[in-house]
Amino acid sequence: MAECAQLDHRLAAARTGQSAVLVLRGEPGVGKTALMGYAAERAAGCRVVRALGVEAEMELPFAGLQQLCAPLLDGLERLPSPQRAVLGTAFGLTLGAPPDLFLVGLAVLSLLSDAAEKRPLVCLIDDAQWLDRSSAQVLAFVARRLEAESVVLVFAEREPAERDELARLPDLRVTGLSDTQARDLLASVISGPLDDRVRDQILAEAHGNPLALLELPRELSPAKRAGGFGLPDALPLPGLIEMSFRRRVQQLPAATQRLLLVAAAEPT
């Protein structure tokens, strides 16, 4: 896949002392998170740190940044005093006035560069559309200033983007599966007879989206799969996928639903 080749290229650059940035853009379910997993698996010899944008934390300044940098804070003492102080304030380690974004950006750049001195550092930020604005601004600032630090920054952002912090960074649109790949994936998850018209409708609705190909058949009873049309057509694709997940969650016991709500509120 072209997307995997792009990631491999950037990881190889980091191993030779160069930094790299890539923003993966695409609709929900198209495979951005799977590509992040691929990058982590291919990052042999590198240190990997990750962050996940959380919609419920979008109003909390530096929440996403703290999640990404927390494993690296053992290097905090090696930073210049002003940078150490501003990160301490931003991450709630010390009391102080609201930190200056420029100084926070310089401090994070120093922190990542310091961590990459021992071995290349790969930073994976998924669901970047839900990062708090302060974190998104700082990470974009850092991405524009990386040069020879052996740091790779990979973002995954839902398309279309509602904000522009990452707009001018190198990007790659993730477009989903080819028709042949989509047919193969659908065949691998369908058991029992599948009417040709139903198959064609699922493929048309999914537009190569892997998650849609996995979820849309769940909306059909075995009888509907065997003949006739049965997919709802009033919702756009993300709505169909979300409806499928919502229905499955609602079928779980109440205690399990509460546990999922708690898990969803946590960043890890």
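Reader: Asp114, buried or exposed?
Author: In this predicted model, Asp114 counts as buried, because its relative accessibility is 16% and the cut-off for buried is under 20%.

Reader: Which helix is Asp114 in?
Author: Asp114 sits in helix α5, which covers residues 101-115.

Reader: What is Asp114 in contact with, leaving aside neighbours within four places in sequence?
Author: Gly75 and Arg78. With Arg78 there is a polar contact between the side chains, at 2.8 Å. Leu76 is 38 residues from Asp114 in sequence, and the C-alpha atoms of Asp114 and Leu76 are 9.3 Å apart.

Reader: Switching to rings. How many aromatic pairs does the structure hold?
Author: One. The rings belong to Phe102 and Phe141, with centres 5.5 Å apart.

Reader: And why is the pair of Phe102 and Phe141 called edge-to-face?
Author: Because the ring planes are at 80°, and planes over 60 degrees apart count as edge-to-face.

Reader: Which parts does that pair tie together?
Author: Phe102 is in helix α5 and Phe141 is in helix α6 (residues 133-145), so the pair links parts that are 39 residues apart in sequence.

Reader: Where do Phe102 and Phe141 stand on accessibility?
Author: Phe141 is buried at 10% relative accessibility. Phe102 counts as partly exposed, at 49%.

Reader: Back to α5. How do α4 and α5 pack?
Author: The angle is about 105° and the axes are 9 Å apart, with α4 covering residues 81-90. The two helices are therefore roughly perpendicular to each other.

Reader: Which residues make the contact?
Author: From α4, Pro82, Gln83, Val86, Leu87 and Ala90. From α5, Leu103, Val104, Leu106, Ala107, Val108, Ser110 and Leu111.

Reader: What does the contact of α4 with α5 look like by class?
Author: Ten residues are nonpolar, two are polar and none is charged.

Reader: Now backbone. What is phi of Ser150?
Author: Phi of Ser150 is near 60°, a positive value in a residue other than glycine. Most residues other than glycine have a negative phi.

Reader: Where is Ser150, and is Ser150 buried or exposed?
Author: Ser150 is in the loop between α6 and β4 (151-158). With a relative accessible area of 12%, Ser150 is buried.

Reader: What about phi of His207?
Author: Phi of His207 is positive too, near 55°. His207 lies in the loop between α8 (196-206) and α9 (210-215).

Reader: And His207, buried or exposed?
Author: Exposed, since the relative accessible area of His207 is 60% and the cut-off for exposed is over 50%.

How values were computed
Residues numbered from 1 in each chain as written. Predicted model: local features only at pLDDT ≥ 70, side-chain atom pairs only at ≥ 80, totals over all residues. Heavy atoms only, no water. Helix = DSSP H or I, 4+ residues; strand = E, 2+ residues; numbered from the N terminus. Buried < 20%, exposed > 50% of the residue type's maximum accessible area, 1.4 Å probe, protein only. Contact = heavy atoms within 4.5 Å. Polar contact = N/O pair within 3.5 Å; in protein donor to acceptor, adjacent residues only side chain to side chain. Phe/Tyr/Trp six-rings, centres within 6.5 Å; stacked < 30°, edge-to-face > 60°. Axes fitted to C-alpha atoms, helices over the stretch in contact; angles between N-to-C directions. Parallel < 35°, antiparallel > 145°, perpendicular 65-115°, else oblique. Nonpolar A, V, L, I, M, F, W, Y, C, P; charged D, E, K, R; others polar.
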